[in-house]
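My entries follow in the order I made them.

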Amino acid sequence: MKSLPGFIARYAFRPWLERYLSKQRTYRYANISIQVLPGVFHPGFYFSSKYLIQHLLQFNLDKKSVLELGAGTGMLSFIVEQHGAKVTASDLGTKAIENLLLNKSLLHSNVEVVHSDLFDTLPVCTFDFIVINPPYYPKQPGSDAALAWYCGEHFEYFEKLFSELAPFMHAATNLFMVLSEECDLVRIESIARANKFRMQEASCKKFWGESNYIFEVVKN
């Protein structure tokens with residue numbers, strides 16, 4: 001169910017936001033400066049990216065392997081790299097990959113950028129951390145930009161994610177996924193269970209009256 005104050009605020013704000021995001025923008029957060037290309041999820045206007053970063057930075061990331069699925073601009077990936085992590089950032093969107101490579105160059109980063117539909121083109125290996133800010137609205141994405149928002153009419157994104165996830169996790173892998181009360185949590189959790197995973201609530205915060213959650217995903 002939508003949280004009414006946050007819902008109203010976002011929709012009243014949308015026309016201005018769409019105009020603003022039609023041009024390349026600079027965004028600064030946590031001592032880094034990134035470029036945000038038109039059509040790529042802007043981490044400054046939504047709480048999920050920063051919420052996930054803040055949660056992840058509670059852990060010792062030095063020399064840890066981190067995979068960010070659906071990395072967008074790569075802000076999370078570049079920040080955790082600064083904390084000593086060895087990072088792989090992947091995305092399906094061609095514009096997102098362009099944005100990742102641009103920011104990698106500007107930041108003189110060693111983050112590995114991979115163009116992939118979830119795990120399709122990733123070499124099979126395990127990671128210490130996997131972090132996901134997924135699309136969760138049940139609709140087919142009709143454009144490259146829509147990949148950040150829509151998970152398919154029948155939640156195909158989550159079906160694919162949970163069916164292919166296991167080979168990329170070892171016994172101590174920490175997998176964190178950020179979700180909102182606006183998504184169908186029951187449906188997503190049922191897909192996880194069907195693939196022998198469970199989702200444990202690790203954190204809950206309200207932004208603009210809307211509850212946001214970080215779930216830790218673990219193998220049954």
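**Entry 1: α2 against α3**

I began with the contact between two helices, where Ser 49, Lys 50, Leu 52, Ile 53 and Leu 56 of α2 meet Met 75, Leu 76, Ile 79 and Val 80 of α3. I sorted these contact residues by class and got seven nonpolar, one polar and one charged. I note that the model is a predicted one.

Next I looked up the geometry. Helix α2 covers residues 47-56 and helix α3 residues 75-82; their axes come within 10 Å and cross at roughly 20 degrees. Angles under 35 degrees count as roughly parallel, so I put α2 down as roughly parallel to α3. I recorded the crossing of the two as right-handed.

**Entry 2: α3 itself**

Is α3 mostly covered or mostly exposed? I found it mostly covered, with six of its eight residues buried. The buried ones are Met 75, Leu 76, Ser 77, Phe 78, Ile 79 and Val 80. After α3 comes Gly 84, and I noted its positive phi, near 95 degrees.

**Entry 3: the cores**

I then looked at the largest nonpolar core, which has 32 residues. Which of them touch the most other members? I listed Ile 130, Phe 158, Leu 161, Phe 162 and Leu 179. The elements that each supply at least two residues of this core are β3 (65-69), β6 (127-132), α5 (156-164), β7 (169-180), α6 (185-194), β8 (197-207) and β9 (210-219).

Leaving aside residues up to four places away in sequence, Phe 162 touches Met 177, Ile 188, Ile 191, Ala 192, Asn 195, Phe 197, Met 199 and Val 217. Ile 53 and Val 80 had already come up in the contact of α2 with α3.

**Entry 4: α5 against α6**

Phe 158, Glu 159 and Phe 162 of α5 make the contact with Ile 188, Ile 191 and Ala 192 of α6. By class I wrote down five nonpolar, no polar and one charged.

Methods: Residues numbered from 1 in each chain as written. Predicted model: local features only at pLDDT ≥ 70, side-chain atom pairs only at ≥ 80, totals over all residues. Heavy atoms only, no water. Axes fitted to C-alpha atoms, helices over the stretch in contact; angles between N-to-C directions. Helix = DSSP H or I, 4+ residues; strand = E, 2+ residues; numbered from the N terminus. Parallel < 35°, antiparallel > 145°, perpendicular 65-115°, else oblique. Left-handed = near helix turned anticlockwise from the far one by under 90°. Contact = heavy atoms within 4.5 Å. Nonpolar A, V, L, I, M, F, W, Y, C, P; charged D, E, K, R; others polar. Buried < 20%, exposed > 50% of the residue type's maximum accessible area, 1.4 Å probe, protein only. Core = buried A, V, L, I, M, F, W, Y, C linked by side-chain atoms within 4.5 Å.
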